[in-house]
Every structure is written in C-alpha cells, then in structure tokens.
Amino acid sequence: MAKADAEQARNYTCSAIALAKLFRVTRGVIHDWHRSGMPQAAPGRFNLSDCLVWRRQRDAEVARASGGPLGAERRKLIVEQRRGHELDNASRAASLLPRDDVQRDVAAYQAILDHELDRLVGAVTADLAAASDPDQCRRVLADACRAARVQMAEALTAHADALAGEAKRENGARG
C-alpha cells in the first residue's frame with residue numbers, strides 16, 4: 001500500500017492555482033517560475049514532485065550565487081554596520097543634535113505657535129462681531145491668519161538665529 005501511495009504522490013499533478021497555494025506564492029510567481037524552467041506535466045498542469053525537485057535546485061543555485069544561504073544576511077549586516085559607522089562619524093563630528101536640545105527647541109516652537117494662535121482669537125473677535133457679511137468675516141479671518149503666520153515666522157526665525165548663535169559660540173569654544 002505504501003508503494004502505491006508513493007507512486008501516486010510522485011505522479012500527482014495540479015493546476016497553477018493549487019501549486020501556488022502549496023508553495024504559498026501567487027499564480028503569477030508560478031508562471032514566472034515556469035518561464036524560468038520549472039517543468040510542466042501538461043498544459044496548465046504541474047507534477048508536484050518534479051516542481052519540488054526543481055525548486056530545491058533553484059534555491060540552491062540562488063544561495064550559491066548570493067554567497068550561500070547566509071549571503072543575504074551578510075549583506076544586511078554590512079548595510080547596518082555602515083549605518084552604525086555613519087552614525088558614529090556624525091556623532092564624532094558633533095553634527096547630531098542632543099535629544100534634550102531638540103525637545104527644548106520643539107517646546108519653544110510650540111510655545112510660539114500657541115501664543116500666536118491664542119493672540120489670533122483676541123485679534124479677530126471684535127472685528128467678527130461687527131461683521132454681518134460672510135465675505136467680510138472671511139476677509140477678517142484671512143487677514144488675521146496671514147498676520148499670525150508672519151508673526152510666527154518672525155518669532156521662529158529669531159529663535160533659529162539665536163540657536164545658530166549658540167552653536168557658533170559652542171563650536172568656537174571647542175576649537
């Protein structure tokens with residue numbers, strides 16, 4: 001009985017869809033593999049045993065071509081090591097910003113934005129209360145928003161200039 005089962009398994013054929021499900025790939029991959037040399041038992045039918053043998057051989061060839069089964073992992077490791085070296089070099093060159101400084105600056109920018117947006121409400125309240133025309137309301141809001149953006153840009157630029165001056169002084173003290 002086992003001999004008959006083994007023979008039946010060796011001669012088992014299936015469709016591209018069934019083979020794709022067995023290999024857990026798409027039907028398009030099966031067709032690509034067939035164009036790359038995977039044997040076909042009959043049009044649209046694949047012998048599972050032959051396909052398994054072909055796939056093992058193909059995987060072995062790919063592994064040899066990529067430097068063995070660990071070739072891909074080695075390449076990933078090399079890329080990560082390069083990134084690590086770049087990070088070390090940037091740190092040595094003092095081109096990385098300390099986290100605390102970045103958090104402090106973001107908090108300062110947020111405070112500037114909050115202040116200008118809070119000011120916006122007070123600046124337009126009276127004008128909006130007096131306006132009865134929707135177009136006039138839009139103009140009041142648009143003008144106030146433009147003015148707030150200008151104020152925010154000026155405050156952020158001043159803060160950035162102050163930071164740049166700090167950095168120059170620190171770099172001058174180091175050198």
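**Close-up views of the aromatic cluster and helix contacts**

At 8% relative accessibility, Trp-33 counts as buried, where buried means under 20% relative accessible area, exposed over 50% and partly exposed in between, with a 1.4 Å probe and protein chains only. The model is predicted, so local features need pLDDT of at least 70 and side-chain atom pairs count only at pLDDT 80 or more, while totals for chains, interfaces and linings use all residues. Residues are numbered from 1 along each chain as its sequence is written, and side-chain values use heavy atoms, leaving out hydrogens and water.

**View 1. Phe-23, Trp-33 and Trp-54 form one aromatic cluster.** A search of the whole structure finds 2 aromatic pairs. Rings of Phe, Tyr and Trp (its six-membered ring) pair if their centres lie within 6.5 Å; planes under 30 degrees apart count as stacked, over 60 as edge-to-face and the rest as tilted. Phe-23 and Trp-33 make an edge-to-face pair, 5.5 Å centre to centre with 80 degrees between the planes. Phe-23 sits in helix H2 and Trp-33 in helix H3 (residues 27-35), so this pair ties together parts that are 10 residues apart in sequence. Helices here are DSSP runs (H or I, at least four residues), numbered from the N terminus. Phe-23 is buried too, at a relative accessible area of 15%.

**View 2. Here is the pair of Trp-33 and Trp-54.** Their ring centres are 6.1 Å apart and their planes are at 50 degrees, so the pair is tilted. It links distant parts of the chain, with Trp-33 in helix H3 and Trp-54 in helix H4, 21 residues apart. Trp-54 counts as buried at 12% relative accessibility.

**View 3. H2 and H3 pack at an angle of about 100 degrees, their axes 8 Å apart.** Axes are lines fitted to C-alpha atoms, for helices over the stretch in contact, and angles run from 0 to 180 degrees between N-to-C directions. That makes H2 roughly perpendicular to H3 (under 35 degrees is roughly parallel, over 145 roughly antiparallel, 65 to 115 roughly perpendicular and the rest oblique). Contact means heavy atoms within 4.5 Å; Ala-16, Ile-17, Leu-19, Ala-20 and Phe-23 of H2 meet Arg-27, Ile-30, His-31 and Trp-33 of H3.

**View 4. Helix H2 (residues 16-23) and helix H4 (residues 48-65) cross at roughly 50 degrees, with axes that come within 12 Å.** The two are therefore oblique to each other. Leu-19, Leu-22 and Phe-23 of H2 make the contact with Leu-48, Cys-51, Leu-52 and Arg-55 of H4.
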